[in-house]
Amino acid sequence: MSLDNDVIEKKVYETYAQIATESIMIRNVKEAANILEKNYKLIVNENIIRLVYASFLNGRPVLFEGPPGTGKTEIGEALLELWSGKKGFLLPCSENYDEYKVIGDFHPLMAMKIGFTEESFVPRVLLAAMILDVGVLVDEIRRSSDEFQNLLLDIIDKRRIVVPELKRVFKSKGSGFQVILTSNPEDVAQNELSDAFLRRVIRIKFDYPDMETEKKIIRIRSFDRPSISEELINLILKTINKLRKSDILHKPGTDESVSWVKLAQSIAKLENEDVVKVRHVKEAATSLLSKRQEDEELIASVISDVFSEY
Amino acid sequence: MMSFQNIDLEIAEKYVPIIVNNLRNKGVKVGVRESILVLKIFESYLLLDNKKSISSDQFEKILISVIAKNDYEEEIIKKALQELFFGKEDYSNEIYLASERFKNKLIDKNKLSGQQLGDFYKLMAIGGLVKRGKYYRTIDKEKLDQIINNISLDQKTLFKEKLNSILKKLSPEEYIKLLNSDLFYDNLNSLNLDKLIKIAEFLSKKHYNKPLNKVKEIIKEKISNNNLKGENEKLWKTLSSIGILDKDLQKALVIREPSLSKKSKLDISEFNNLNDNDFYNEKQRILLNYAKLSDNENLLNDFLNKIELKNLWLLNKSPIGGEKGKLINAAIYSSKALKEAIEYAESGYEGRKDMSNYYLQKSNELLQELDNKVSIGKINKIETKFFNNNVLKILESLEKGEIQGIKDIDLAIYVDLLRSIYHRSDDIKRRKIIISANKFLTHLIYMNGFKPIPIKKKYSVRPGRLMVKESVINIIRNKEDFLVYKRNVRTKQIGLALDISSSMYKYSSWALSVASIFIHNISRLVLFSTKAISYDKIRKNDVIKILLTVDFNGYTDITRALEQFNDKKFNKIVIITDLKQTVRNEDPSIKANELVRKGIKLLFLVPSDVDKELINKIRNNGGCVKLVNNPEQLAKELIKLLR
């Protein structure tokens, strides 16, 4: 069936192709690591890229597991884009997702007028991704229901979507349609993933990066001006690492350390300073780090502890 | 990390099945799908990097990513890999040490014993010995070194197999010589029952208790796994003649051959706690046999006194006739009705409900024909009728999805029912269930005198509500000159730790019902398995909700659970557990001792079949351990325990 006379494909191309913009396709691990650092400002271990690509070669979904703020979502999106050469789709999960919300449903008025036909069908993200041959990042899979997880597994396993109302089966055309799932096992308010689900995915664990890597990440992600000294970055990382080991509820991720530096830089810029000083860092700290009232005291004590000499 | 530098496809193809098998033995669920996927991903790695092999770290990462479903399995995989690849070095070390012992010596095998003899057999297995007349000596040093340095993975297994086959052939007398070497315990499993019995005989004569217990354990295992028919009686005779036929062995033998129950003189109550699912056939046969043995009325009376009513469903029909036989049959039908009702609660399968109703009808029909006075053992007409009423109520509540009005059934069964109804209900119904559970438990605890109890007090003190009836009796009949007031005795708030590891699964309804007795007094609830989750300042309804929804899995880490009470906010802590610590952490008794020294009272509530050694260990360290048969009995004693 060519594009001209397939209504659904036409609809997909009209709407979703705007999001799935073309970029370069890179399937070499070393090159991908370089591009991720240069273009996406992401520092990703080659081992992770290799494992993700190897799973994609076998058509397996990958599950990124780790604490918040370790770059799971961003890295996932970037890898999907590099793999398929097109920007992937993001599917943030919620409890009430079902096939109508991710595959497609029928426009109620049109369906009443002309019945359940291809004209009244509105394709959604998952079907669009399969037709356009791009990747999908399913964010926070633990928030979804068991039924949705099973639906997803079936689609990924067989690489096809059945729409019984239309009596049609959509099959994936290339290897671009891949799925990365993210989840944070430490989050209490979420569902557990079943063993059956975990057995079908390739599980990759994310953790906070070591000091040197995190420093590198801060360097490439923060502004060039006003400049910040190595010593201050060390202090920031020391505080962050202390907090990660403490009992606070919301532990700071790499995300937070970068935002901290950026916020300090912005404050310095507003004061027309050329170099970030300790007071800028301190000023940025409390408002950025404490997300819950219970944690405030502990965070304040850690900060005053680390910055005691300044 | 592993000792292999690089792993190519050939090695991977060879070892993935071995590793997968190893993991399966350790309890990790790995399917064929995963092992194929590991190899596929392996190939993709080679393709992506255009190489012929990958590093061992990468190999480990692939295995973990594909197979591990959580952090514990990750650890198990890491350990299995280390064993597999590191084990090689350990083994060559072992052999090296053995060869050093015998270097340049003429060896007289008959004079060796213990570790020396063990080393001798190890060298023999790798072909490191030659026979010179009566004596042995090690082979050429260079050759021996070469063998030791080149022990590879498969050779290691091969050598171990060879060693095993050598040891298997030894006579019991020769094997006993190995007593103080590592080989003695390692290879006991491969010996046959006859040899084991002979070894046990020897050990029991010499009073070597530690190895004897180990041998007994293996004999017990062999007896329960083995399907030799007709040999049980012979075995019974041999074991009892050498004096090692203790209660456990007897039990194992009776489970295999119920007809031995006559010889054993074991009480039927020993078998009340056998798990229904695992020992369905065995339990039925044992009960039938006991029932058969109780051929006169006195014995039958005794039998029916000892067996729990809920276990009666295992019998098919009464062994005696007449009025009493009819009564027994009615009770059997009632028990079957309850069993079906519970099955219905668990499975939601309508057929079970119909069966339960059918049995109830049968039981009631039989009861109608009987006189009120007929009774045998614990069974009588009125109680059986009452029992039937309760089953009917259970069925009704299951249909409506809310439990109300069932008050005289076992607490454990009640908790089980609540859990399954809760599981199948929507949110509104769940709220109702929590409220009705709360009511029921409060009633139970009140009835057993746990919460408010009346205490006699003199007139001048007015601590609570006046109790008119008691006061009148007191003044007129007892001729005392004071009024009686009711006073609420409050017990203090406690911390409760509940073991939710997989080993507790078989005690789950026991544990939950025991925990539910404390609902009024819990202000910190700690659920522990491999991890420990602590709920602080928790309310009654939340406790009930947790008890209704908690799942049993993971390893047991009692020490970690005790650590949750380090802050000394509670001076009484109740721990519900089977005491079997299955993770490598500090010994729980040490931690318990630490807490006791801080002035905290520890009360361990354990099921009645827990290992005595573990209990003594805790008791010696200052913790109080109480064996709890049923929660109702506990409720009665609770006030003493908590004051």
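**Where the two chains meet**

Chain A and chain B bury about 2100 Å² between them, and 54% of this area lies on carbon and sulfur atoms; buried area here is the accessible area (1.4 Å probe) that two parts lose on being put together, summed over both. Of the area that chain A buries against chain B, 33% is supplied by Arg50(A), Arg199(A) and Arg203(A), more than by any other three residues. This is a predicted model, in which local features need pLDDT of at least 70 and side-chain atom pairs count only at pLDDT 80 or more, while totals for chains, interfaces and linings use all residues. Residues are numbered from 1 along each chain as its sequence is written, chains are lettered from A and ligands numbered from 1 in the order in which they are written, and side-chain values use heavy atoms, with hydrogens and water left out.

The contact (heavy atoms within 4.5 Å) takes 22 residues from chain A and 22 residues from chain B. Between the chains there are six salt bridges, a salt bridge being a side-chain nitrogen of Lys or Arg within 4 Å of a carboxyl oxygen of Asp or Glu. One of them joins Glu74(B) to Lys205(A), with the closest N and O atoms 3.5 Å apart. On the side of chain A that touches chain B, the elements giving two or more residues are helix H3 (46-57), helix H9 (195-200) and strand S9 (202-205) of chain A, where helices (H or I, at least four residues) and strands (E, at least two) are DSSP runs, numbered from the N terminus. The largest share of that side, eight residues, comes from H3(A).

**A loop in chain A**

Within chain A, Ser23(A) sits in the loop between helix H1 (7-15) and helix H2 (29-38). Leaving aside neighbours within four places in sequence, Ser23(A) is in contact with Glu81(A), Gly85(A) and Lys86(A). The C-alpha atoms of Ser23(A) and Gly85(A) are separated by 5.1 Å, although these residues are 62 residues apart along the chain.

**A hairpin in chain B**

In chain B, strand S10 (residues 522-528) and strand S11 (residues 532-536) run antiparallel and are joined by five bridges; two strands pair if DSSP finds at least two bridges between them. S10(B) and S11(B) form a hairpin with three residues between them, and Leu525(B) has Tyr535(B) in S11(B) as its bridge partner.
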